[in-house]
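Thanks for sending this one over. My notes are below as numbered points, in the order in which I went through the model.

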Amino acid sequence: MTAFAVVDAPLDEPSLRINPALTAAWLEAFLRDELIERRAIGRAIIGLSGGIDSALVAYLCARALGPENVYAIRMPYKSSSPSSLSDAQCVIDALGIHGETVEITDAVDGYLKHAPDADARRKGNVMARMRMLVLFDQSARRDALPIGTGNKTERLMGYFTWHADDTPPVNPIGDLFKTQVWALARFLGVPNEVVDKPPSADLEANQTDEGDLGVTYANADRILNLILLGYRDAAIVARGHDPDEVRLVRRRVDGTHWKRHLPTTALVSSTAINEFYLRPVDY
Amino acid sequence: MNAALVQFKPRKGDVDANLAAMRDAFAQLAGDQPELVVFPEASLTGYFLEGGVYELALNVPDVARRIDETWRAAVPDRACDVVAGFYENADGTFHNSAIYLRCGEPGGPRVVHVHRKMFLPTYGVFDEERFLTRGRRLSVFETAFGKTAMLICEDAWHALATTVAALKGARLLIVPSASPGRGLCGENELESNTRWKSILAAAAAEHGVYVVYAGLTGFEGGKGMSGGTCAFSPRGDLLASAGPLERCIVKIRLDEEEVDLARATIPLLGDLNAVLPDLWLDPEIPVMRRLEDDA
């Protein structure tokens, strides 16, 4: 008897692959539309950390608006890694965008003198919120719109400071997972020293994102994608994922829904804003 | 029939500006002597309005008058059929509608048909049925090309809707649309655009009908309307298509004989007519046939 050939379909897992050329064109069109057409603002300002997210956003803005219309602000604190500054400078030099450095040490320490009990987490939040304050003031000085640099993975994991990293009104990469950010950054030619280094919030010495999160971005992104598509934990584990990592990622998503919303307002009328009175952001 | 499909980004909520964009398209097309010009869904206001629809919806006579005036301002010496999507205020009931209008006639505008979108997407990024009432009938109407039907966006995603239009005699399906682009791993285009083309091509080839599609473009609050304006022959062949982002006009020529030839070659519609009673009258189909029936 001749055996039948068997074609055995694997358990399907939706792909995170992107076509980077298509993605870049779409996001550049988004930036031009949001800035020039909708707001008649031709300039963008970015807090350039030396990490991959803000570097990618700088590349997209330079391509969309022209490098002469992009302002990169480096905002180091005294404990920031020197390599963050030099990596940011690499991006500024490669693109030919405007660069400026605004030290936040005096401002942060001025406040922390009144908060001697602040732990590392509180200090990190103060730094993040100080950078937000500087970015918005610098944007007013230059008639430039602040551009957000938060990616989908950190937004879903709640791995950001509320009303700090998430405040810019326009964000081209907020629907891209971290691994997609890597793919797009490589395609656009972001310098290798920026793309290849371990991602870090650089709020403390030797800090890394993956150390803080307890899971690699590669695994987190696949798990997050399945969670967003509605898969239950058992179905995610069945696709080969570690049960502890699935629980960890699920817990981070479920514990941070509030960070992805505006503040909760007590509803007392039938004209409550964004509940009954509904108008789109571009109305 | 010379037809032109216009792809553009409306200015949100600014009817005058969007009529001015229509006028620009009419003026550019004047030398071609078009017989049909199609604009996308919600082309007078933009698509995402939420509660703003109650401020911006227009009644049919006003829409007819204003589009006719726009046509006359651009092309004073000829008549033309115009299709445009708009939000309709029908005495306090609001619809996502498309008008088929004869413009430029001496006696003023003639409303040939108004289709009210039947399938109102209310999931994910869409929230239409929160603000709008669905249409109740898919009609086929006479035009210079012959029997024609309009389907708005999701209407065309339901194979049954295009099938009903064809069974009622339509030889041309006009699909004004506003489709937020999704899916970035396609080879040459957004996955949502590829999906659209496969749906439209299947409808055209199965029923032997022309299918013309006009899509909005431009971003609305981060949601990028994916353009993709295109047309398919009654054999299901792509005649022309636009990209996702450009303001453009797609020009096509519709030949009535092509419909007959396609249907003669692959007579699926004729076969369906023969088998339809067995399919349609099957009591197991969950359709309410009398008021006392459970649907």
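1. Let me start with a sheet in chain B. This predicted model has an open, mixed sheet of 6 strands there, ordered β6-β7-β8-β9-β12-β13; strands here are DSSP runs of E with at least two residues, helices are runs of H or I with at least four residues, and both are numbered from the N terminus. Two strands pair if DSSP finds at least two bridges between them. The edges belong to β6 (140–143) and β13 (238–241) of chain B, each of which pairs on one side only. From one strand to the next, the twist averages 20 degrees; the axes behind such angles are lines fitted to C-alpha atoms (for helices over the stretch in contact), and angles run from 0 to 180 degrees between N-to-C directions.

2. At one end of that order, β12 (residues 230–232) of chain B pairs with β13(B) in the antiparallel sense over 3 bridges. In this part of the sheet, C230(B) stands opposite S241(B) of β13(B). As a reminder, strands of a sheet pair through backbone hydrogen bonds, either parallel or antiparallel.

3. Before going further, a word on conventions. Residues are numbered from 1 along each chain as its sequence is written, with chains lettered from A and ligands numbered from 1 in the order in which they are written. Since the model is predicted, local features need pLDDT of at least 70 and side-chain atom pairs count only at pLDDT 80 or more, while totals for chains, interfaces and linings use all residues.

4. Now the confidence scores. The model has ipTM 0.93 and pTM 0.95. Chain B has a mean pLDDT of 96, and 98% of its residues reach 70 or more; pLDDT is the predictor's confidence in each residue, from 0 to 100. Where pLDDT is low, the predicted coordinates should not be read in detail.

5. Chain B also holds an open sheet of 6 strands in the order β5-β4-β3-β2-β1-β14, again with mixed pairing. Its edge strands are β5 and β14 (248–253) of chain B, and each has a single partner strand, so one side of each lacks a neighbour in the sheet. On average, neighbouring strands of this sheet are turned by 25 degrees against each other, direction ignored. Within the sheet, β3 (residues 80–90) of chain B and β4(B) form an antiparallel pair over 11 bridges, and F86(B) has S97(B) in β4(B) as its bridge partner. Helix α3 (residues 60–74) of chain B lies across β3, β4 and β5 of chain B, at about 40 degrees to β4(B).

6. Please look at G104(B), in the loop between β4 (93–103) and β5 (110–116) of chain B. Is G104(B) buried or exposed? G104(B) is buried, because 20 other C-beta atoms lie within 10 Å; the classes are buried at 20 or more, exposed at 12 or fewer and partly exposed in between, counting other C-beta atoms within 10 Å of the residue's own, all placed from the backbone. Beyond residues up to four places away in sequence, G104(B) touches W71(B), R72(B), V75(B), R78(B), A79(B) and C80(B), where contact means C-beta atoms, placed from the backbone, within 7 Å. A79(B) is 25 residues from G104(B) in sequence, yet their C-alpha atoms are 4.2 Å apart.

7. Of the 283 residues of chain A, 38% count as buried.

8. Helix α7 (residues 178–188) of chain A has several buried residues, among them W182(A) and L184(A). Their cover includes α1 (20–39), α2 (52–65) and α10 (217–228) of chain A. After α7(A) comes G189(A), with a positive phi near 85 degrees.

9. Finally, V134(A) sits in helix α5 (residues 120–142) of chain A. V134(A) is partly exposed, with 17 other C-beta atoms within 10 Å. Leaving aside neighbours within four places in sequence, V134(A) contacts I73(A), M75(A), V102(A) and I104(A).

Conventions. Contact = placed C-beta atoms within 7 Å.
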